[in-house]
Amino acid sequence: MASIEVAVIGAGLSGLALALSLHKQSIPCTIYEARSASLDIGGAIMLSPNALRILDGLGIYRKIKAHGFEFQDLHFYTDKPLELFEFGNKEKYQYDALRIYRHELINVLVSALQEKGISIQYGKKFTRVLTESESEVTWAFEDGQTGRAACLVGADGIHSRVRRYLYPDLEPQFTNAVGVTAVVPTSQLTGTEAYKMPLTIMNPSYGAFVIAQQLADGSEVLIGKQKRATEIGRDGWNQLLHNKAWCVDFLRQGSESFPEIVGSAVSKISPDEINLWPFYVVPRLDTWASKHSRVVILGDAAHAIPPTAGQGVNQAFEDVYTFSTILAKCNQANLEQGLEIWQKGRQARIDQVLKLNAQIDARRMPQDHGSSAGLDTEPFDLAWLYSPDFDEMVESWLVDLV
Ligand SMILES: Cc1cc2nc3c(=O)[nH]c(=O)nc-3n(C[C@H](O)[C@H](O)[C@H](O)COP(=O)(O)OP(=O)(O)OC[C@H]3O[C@@H](n4cnc5c(N)ncnc54)[C@H](O)[C@@H]3O)c2cc1C
């Protein structure tokens, strides 16, 4: 559908990658972002081979690789080594995992869009859809201006405004868990001999403590803890994020019950790079597209998922690439069917990730007062997640397209 003009709401990782992916399919687009710059939250993120393959195809991988820390496995411990979870493996999946600052990835994506002359309009907050017909959609911005395109894509995150057009009353659901993270120099850690990093140490009373290298040379580590919490609302979480003393206390609570490596990690914490992440999800949605298929949502707007298998951003990249490929193959007459096929295929992958999350949770739930005895530690078979050829995948979905 080469003549379609797409408006992308949101210049986060989904929106920026989507614009690049649409350009690859010769589909013109413009991005509209509410803020003065792309949302840069949470410090560094972990990219797995499925996403890296997509970014490679978009010409981005080569440019980000040098900025990130490459690794293969996440190591899990209780009072002893429990298991490892593969996050990448060059031999098996073509790519090692990459832990990279979100802003580095944003910068590379924005430069690539600039090189291709794709417009990102900042300070343009989408408010609502005005009209939708079989051939176009119009909408309003907060500044009073309006827009018009053949297709409007909501890549506007977990609290999506575009989604309200499809689901006016839907609110993301809190999962009763919260994580706090900070960044410290790797040289601060002591008692490291018994551990392989990146790691998670689980304590039945104080939750899970994470230590993960970042920067290309691994010279700094993210430290983080997650545990159960009760809902206090978006404003409440925002207040806690700015209450650095509370965040530091959260990280330090119970550290004496963890091994020395954790005590050393929390011994000095700068307030500058503290993050708080309350885990919300978007429940399974019946449709990601509007009645006339002119409004579509993807990324966190469509399916924000828990962080267990580290697939939030990675699944968003899968959405973006497969959506652009399908859009390029559809015409006015079969767009509705094409989008149905896309969502069905993508939801099946999201469901598989949710199933994996549940399997991981079941294994890591403290049993028998934290003992790991008798727990299943067989490595997960992750080829289905990390190895797909997305062009072949889309082709297989489209055999039914009329
Ligand atoms: C603290 C924190 C840490 C995280 N760490 C990880 C991690 O390590 N790994 C991982 O996989 N996931 C992580 N996540 C989840 C991850 O951030 C999301 O899965 C990912 O950012 C989704 O990308 P997105 O582009 O769909 O949405 P977002 O990143 O939320 O981007 C949405 C964009 O839309 C813009 N926008 C919103 N509303 C409007 C509007 N009305 N008009 C115009 N623009 C609008 C926003 O300003 C933003 O730029 C983390 C989340 C948080 C909060």
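View 1. At Leu13, a polar backbone atom is 3.4 Å from an oxygen atom of the ligand. The ligand taken alone exposes 990 Å², of which the protein buries 88%; accessible areas come from the Shrake-Rupley method with a 1.4 Å probe, and for residues only the protein chains shown count as cover. This is a predicted model in which local features need pLDDT of at least 70 and side-chain atom pairs count only at pLDDT 80 or more, while totals for chains, interfaces and linings use all residues. Residues are numbered from 1 along each chain as its sequence is written, and side-chain values use heavy atoms, with hydrogens and water left out.

**View 2. The shell around the ligand.** The ligand is surrounded by 29 residues, each with a heavy atom within 4 Å of it. The closest are Ser14, Glu33, Arg35, Arg102 and Asp300. By class, 14 shell residues are nonpolar, seven polar and eight charged (Ala, Val, Leu, Ile, Met, Phe, Trp, Tyr, Cys and Pro count as nonpolar, Asp, Glu, Lys and Arg as charged, and the others, Gly among them, as polar). Elements that each supply at least two shell residues include α1 (13-24), β2 (29-33) and α11 (312-329); helices (H or I, at least four residues) and strands (E, at least two) are DSSP runs numbered from the N terminus.

**View 3. The boundary between two domains.** Domain 1 (6-68 + 101-172 + 282-400) and domain 2 (176-279) have bounds from an automatic or database domain assignment. Domain 1 and domain 2 bury about 970 Å² between them, 65% of it on carbon and sulfur atoms; buried area is the accessible area (1.4 Å probe) that two parts lose on being put together, summed over both. On the domain 1 side, Tyr101, His159 and Pro307 lose the most area to domain 2, together 45% of what that side buries.

View 4. Met197 and Pro198 are joined by a cis peptide bond, with omega about 0 degrees. Pro198 is in the loop between β13 (173-185) and β14 (199-203). Leu215, in the loop between β15 and β16 (220-228), has a positive phi near 70 degrees. Most residues other than glycine have a negative phi, and most peptide bonds are trans.

Terms used:
Polar contact = N/O pair within 3.5 Å; in protein donor to acceptor, adjacent residues only side chain to side chain.
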